[in-house]
Amino acid sequence: YENSQNTFQQPNSNKQNKVYLKPYPLSLKNDFLKLGVTPGSPLEICKNAQIQLLKKYHPDKFQNASQQEKDKATIMCSLVNESFAKIKSWYENKKI
């Protein structure tokens, strides 16, 4: 496990709003990065990142796009959901 006793400050936040990073298995590092969050970020921050990415890449937003763009959006949503599911499973059950 990566020891994450560090804190980070979310962008556009006050210095008083520090988020404490949690220990996590190194196998989840890429999943945190796929969500665009710092590895070890709390589940709530990961959930918010998932929601934002799904809003951005949801296939319904690409109805008038090329098939290639639709396929890319579908893959992105799948990757985001898969990464969040792994992180959530770890935080809730300590299983990946």
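Trainee: Hi! What should I know before I start?

Mentor: The model is predicted, so local features need pLDDT of at least 70 and side-chain atom pairs count only at pLDDT 80 or more, while totals for chains, interfaces and linings use all residues. Residues are numbered from 1 along each chain as its sequence is written, and side-chain values use heavy atoms, leaving out hydrogens and water.

Trainee: How many aromatic pairs are there?

Mentor: The count comes to two. Rings of Phe, Tyr and Trp (its six-membered ring) pair if their centres lie within 6.5 Å; planes under 30 degrees apart are stacked, over 60 edge-to-face, and the rest tilted.

Trainee: Why is the pair of tyrosine 24 and phenylalanine 32 called edge-to-face?

Mentor: Their planes are at 65°, so the pair is edge-to-face, and the centres are 5.3 Å apart. Phenylalanine 32 also forms an edge-to-face pair with tyrosine 91, at 6.4 Å centre to centre and 65° between the planes.

Trainee: Where do phenylalanine 32 and tyrosine 91 lie?

Mentor: Phenylalanine 32 is in helix H1 (residues 29–35) and tyrosine 91 in helix H3 (residues 67–93), so the pair ties together parts 59 residues apart in sequence. Helices here are DSSP runs (H or I, at least four residues), and strands are too (E, at least two), numbered from the N terminus.

Trainee: Is tyrosine 91 buried or exposed?

Mentor: Tyrosine 91 is buried, with a relative accessible area of 16%. Buried means under 20%, exposed over 50%, and partly exposed in between (1.4 Å probe, protein chains only).

Trainee: New topic: where is serine 41 found?

Mentor: Serine 41 sits in the loop between H1 and helix H2 (43–57), and counts as buried at 0% relative accessibility.
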